[in-house]
Amino acid sequence: MADSQRYRRNLFYFLFAVSGFSGLIYESIWSHYLKLFLGHAAYAQTLVLTIFMGGMAIGSWLASRYSVRWKNLLLAYALTEGAIGVCGLVFHKVFVSATDLAYTVVIPALGSPWSVNLFKWSLAGAFILPQSILLGATFPLMTAGLVRRFPAESGASIATLYFTNSFGAAIGVLASGFVLIELVGLPGTILTAGLINILLALLVWLLARHTTEKAAPTVSRSLSADAIGSWRLLLAASLFTGAASFMYEIGWIRMLSLVLGSSTHAFELMLGAFIFGLAFGGLWIRRRIDRLKQPVRFLGLVQIIMGLLALATLVAYNASFELMREIMNSLAPTAGGYRLFNVASHTIALVIMLPATFCAGMTLPLITNVLLRTHHGEKSIGAVYAANTAGAIAGIFFAVHFGLPNIGVKGLITMGAALDMALGIVLLRAALVGSRSWVVPGTAVLASAAVVITLLGVELDRYKMASGVYRLGRLFRPGEVELLYHKDGKTATVDLVKHQDGNASIRTNGKPDAMINLSADGPPAPDETTMIMLAVTPLMLHPQARTVANIGLGSGLTAHVLLSAPGLERVDTIEIEPAMVEAAHGFGSHVDRTFRDPRSHIYIDDAKSFFAARGNRYDIIVSEPSNPWVSGVAGLFSDEFYQRVRTHLNPGGLFVQWLQLYEINTGLVASVMKAIGANFTDYALYAADDGDLLIVARWDGRLSPPDPAVLAQPRLSQELRRIGIFTPQDLALRRIGDRALFEPLFASFPVPVNSDFFPVLDLNAERTRFMHSRAVELVWLGIAPLPVLEMLGNTVPAACVTCVTPSSGFARTQSVQRAAAVRKFYKSGVLPPQGHSEFDANLVRNLVVTQGLAQNCRDVSAPALWLDSVYYIASTTLPQLRPDDAQMLWQHWLSSDCYRRLSPAQADSLALFRAVGQRDAAGMAAVAEKLLATVTGVSGEQGSYMLGAGMLGYLAQDRPQDARRLWATFAPQILSNNTPSFMLRFLRAQAFSELATRKSSSTFSPRLSPRFQKNLPG
């Protein structure tokens, strides 16, 4: 072959790799779009795979039927790429308009759930089918076009095109998920793919328009019976191996979700590994395919080896958990560690998938080349591709709707392997017809033995599968926990695990979603506080509520507690995974009202579809999804979701959102709060504990004050007592603040609103999960060294500190108790016994200093030492005490010998503490500014305290301009190159906010599209 011809052919190979790159961008992005419409990532991925493969089958079949008549197939390929690109350019606008119309007009008119589901899946298919058909035509058109131009090495051309297209596809899915979406969002990513296709079309057009192809080889119309039999056999082989391959893919993705996690990035890594295997199988066979003397025999051997390797993945699977444990325990929770985690995850996926998919990558080139060599013509290219993709569709539907729910991942992989090996035996028999070789019966015995040994001898360790090793690097073992329930559901693998301390956790893909202590007299599990507060908080703010919708069943405890309220008439719970409902029954009497109370109704559905189909409106809607890093969950924290869900609230209705503060950072929380702020007129933040935030929002006015009468309802008060809430003060302490207080803070974070189409939360939450990030600063503002929440948020300190019940999971209750203990110490002069819960070593040491130096402070360094101890005690105690309760501290400190020996500047420091204790805003501002101006070299904690006290004093007087001046003058000196504390960042946001005062939020009007405006109640 001349160098120019070789160069031209290699250029086409490269362009086809780019085509694969853009093609898998579409598949990846379509999954993102359709999970917004279908409600779950697993459903979206299944539908995209099905329609994608189905459309490809149609496109391949059409190309095989008509391409023989076309003179220049590469020009036809260019036109096809151009049409794909045009579809990509308009996809986003079509999707938004159509789904908007579906939710507001079509779905409400359909009524029955089955008709809604049929419509949704049909519309979702219509979104991607046209492009899928066009994409399906590209492979046979490009392949046949090159075979016509370079017929001498047709097998190598087919294999190379399969490799380049698959390799480009694998790169495309990773580039889409890890780079493009973050840079330009979903609309920009699909627009990028469209532009790539249009550019490809132009380049191929330029390369092909002045060249001619050889005429398509004629195919005899009178084929022999053997030729017809070979045609049917090989097309059947293409179909059945396609079915087996996608049974593997569905099974492996579910298996590896329990090892790598079920995040969006994890799925993309797994999909990339699957396609890489196909690509390198095609690469390996390209140099050998034209030299094979018995290609059908070789194909049969490949099928049998592929089946055996697929069975081997079940043997290797248990070891992958051990490997992930070692990886998690060796990687640092840093940005670099996260990159290595993704590399390691991709490597594990390759180890599991690549051997079998390597074999799968040889099958289509082999089958196609055999048919070309046996004079079936170029129509065989499209026919083989169509049969393979049709088999893939059958494999996907079988795996999702029958295989996983009924025979589990082990049964599914084994069935796929048995199918491949049976196919291999049939091919060997056809290749060795007339021979008395022992190969066929021997191979049949080997394959049968492998299947039987796998079914009887290989056990997937369900304890490891339930561990969620990808989170903390830990593995469950029998004896350590008891596995009460395990099922591979359609959307996730669900487990119910009982721990030795009596706590039982319900888990999806290894990730615990809810935990309850099953012991009758055991302490509550950490999640119980959150789930009970999710129910009680909105009832306290809207005691007249009669109807509730609860998104996400979890353990069932939230619905159970809601049903404790006698005034509620109906509680509708929407859960997308049936196995969650089955598993939740295992919590027994703790959740029995959820399953037995006639007011309780459980629906298996997606929340968006449920609301749109039924058109019901509620007094309260509670959303308790899993963590945002789980694929698909971030859509329940988006601008578009909040815009839709509030149309299903009655006038005065409340929306309640659970947002985990662990495995997330404050910037991502701000992106969620910006979305809530864009759609609700008011909201309040409550802390269930230090790690869980409850957001209560109202769309049509200001939130009402809480009604503590909820504590008088017997069944509700019983639930509250279980989590240590006995008094109205216990509930009041959990209120952090409202929209007016926190909106300036959230606005100060340079992060966009979390949106379905610019999914900042979905893209970044997996990273914050790995890095063990926490956004607890929001809750810990309640224990800041200054009474920020009280002076700016109109909250009050404990009316009586002895009325606060300490909670081990909520630091603010402990801080209040400690303040009470300090006051008691100064009153009695007696320290509590060693190890007393309210006193840590630092506090005891500083109390001893202030007590010991009270009467004798003559040493030259004693006054400064005494003042340092006073600062420590004041900063940790004063924000939790009322001004009159703090008098005991002042009487003690002012009577100290050390006070009389302080310098004027040191005396001013004590005056600042006193102003803080008295909530004297003017005094705080004046004294702090004086100290900042006169004390040289002030920095560190005490400098930050002075700056914060001054800014807080000015802000409390509605003088933000003076707070800004204070920051501009002294912050550079105090902070130098250090990051300001969260309290200072909060105060700075207040000072520099465009909201000049905290009263301005009352005029806020949420943004709403005209179509949704007409659907609002009232």
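Me: What does buried mean, and which relative accessible area does Lys608 have?
Reply: Buried means under 20% relative accessible area. This is a predicted model, and in it Lys608 is placed in helix H18, residues 607-614. Lys608 counts as buried, because its relative accessible area is 11%.

Me: Which residues is Lys608 in contact with, once neighbours within four places in sequence are left aside?
Reply: Contact means heavy atoms within 4.5 Å. With neighbours within four places in sequence set aside, the contacts of Lys608 are Leu36, Tyr103, Phe641 and Asp756.

Me: Is Leu79 buried or exposed?
Reply: Leu79 belongs to helix H3, residues 73-110. Its relative accessibility is 56%. The cut-off for exposed is over 50%, so Leu79 counts as exposed.

Me: What is the C-alpha to C-alpha distance between Leu79 and Trp205?
Reply: In sequence, 126 residues separate Leu79 and Trp205. In space, C-alpha to C-alpha, they are 8.1 Å apart.

Me: Which residues does Asn369 contact, apart from neighbours within four places in sequence?
Reply: Asn369 lies in helix H9, residues 335-373. Asn369 is buried, with a relative accessible area of 1%. Leaving out neighbours within four places in sequence, Asn369 is in contact with Ser154, Gly155, Ile158, Ile289 and Asp290.

Me: How far apart are the end C-alpha atoms of H29?
Reply: Helix H29 covers residues 862-877. With 16 residues at 1.5 Å a residue, H29 should span 22 Å. The model agrees with this, because the end C-alpha atoms of H29 are 22 Å apart.

Me: How many of the 16 residues of H29 are buried?
Reply: The buried residues of H29 include Trp866, Leu867, Val870 and Ile873. Among the elements that cover the buried residues are helix H27 (811-828), helix H28 (841-852) and helix H30 (887-894). H29 is mostly covered, and the number of its residues that are buried is twelve.

Me: Is H29 parallel or oblique to H34?
Reply: Two packed helices are described by the angle between their axes and the distance between the axes. The axes of H29 and H34 (residues 940-956) come within 12 Å and cross at roughly 55°. That angle makes the relation of H29 to H34 oblique.

Me: Which residues of H34 meet H29, and how do the residues of the contact divide by class?
Reply: H29 passes H34 in a left-handed crossing. From H29 come Asp868, Tyr871 and Ser875, and they meet Glu941, Gln942 and Tyr945 in H34. By class, the residues of this contact divide into two nonpolar, two polar and two charged.

Me: What is the relation of H29 to H32, parallel or antiparallel?
Reply: The axes of H29 and H32 are 11 Å apart and pack at an angle of about 15°. Angles under 35 degrees count as roughly parallel, so H29 and H32 are roughly parallel.

Me: Is H5 parallel or antiparallel to H7?
Reply: Helix H5 (residues 154-208) and helix H7 (residues 264-286) have axes 8 Å apart and pack at an angle of about 165°. Their crossing is left-handed. Angles over 145 degrees count as roughly antiparallel, so the relation of H5 to H7 is roughly antiparallel.

Me: Where does Asn509 lie?
Reply: Phi of Asn509 is near 50°, a positive value in a residue other than glycine. Asn509 is buried, with a relative accessible area of 6%. Its place is the loop between strand E3 (503-508) and strand E4 (511-517).

Me: What is the relative accessible area of His772?
Reply: His772 is not a glycine, yet its phi is positive, at about 55°. The residue lies in the loop between helix H24 (760-770) and helix H25 (777-780). His772 is partly exposed, with a relative accessible area of 41%.

Notes: Residues are numbered from 1 along each chain as its sequence is written. This is a predicted model: local features need pLDDT of at least 70, side-chain atom pairs count only at pLDDT 80 or more; totals for chains, interfaces and linings use all residues. Side-chain values use heavy atoms; hydrogens and water are left out. Axes are lines fitted to C-alpha atoms, for helices over the stretch in contact, and angles run from 0 to 180 degrees between N-to-C directions. Helices (H or I, at least four residues) and strands (E, at least two) are DSSP runs, numbered from the N terminus. Angles under 35 degrees count as roughly parallel, over 145 as roughly antiparallel, 65 to 115 as roughly perpendicular and the rest as oblique. A crossing is left-handed if the near helix is turned anticlockwise from the far one by less than a right angle, and right-handed if clockwise. Ala, Val, Leu, Ile, Met, Phe, Trp, Tyr, Cys and Pro count as nonpolar, Asp, Glu, Lys and Arg as charged, and the others, Gly among them, as polar. The expected span of a helix is 1.5 Å times one less than its number of residues. Buried means under 20% relative accessible area, exposed over 50%, partly exposed in between (1.4 Å probe, protein chains only).
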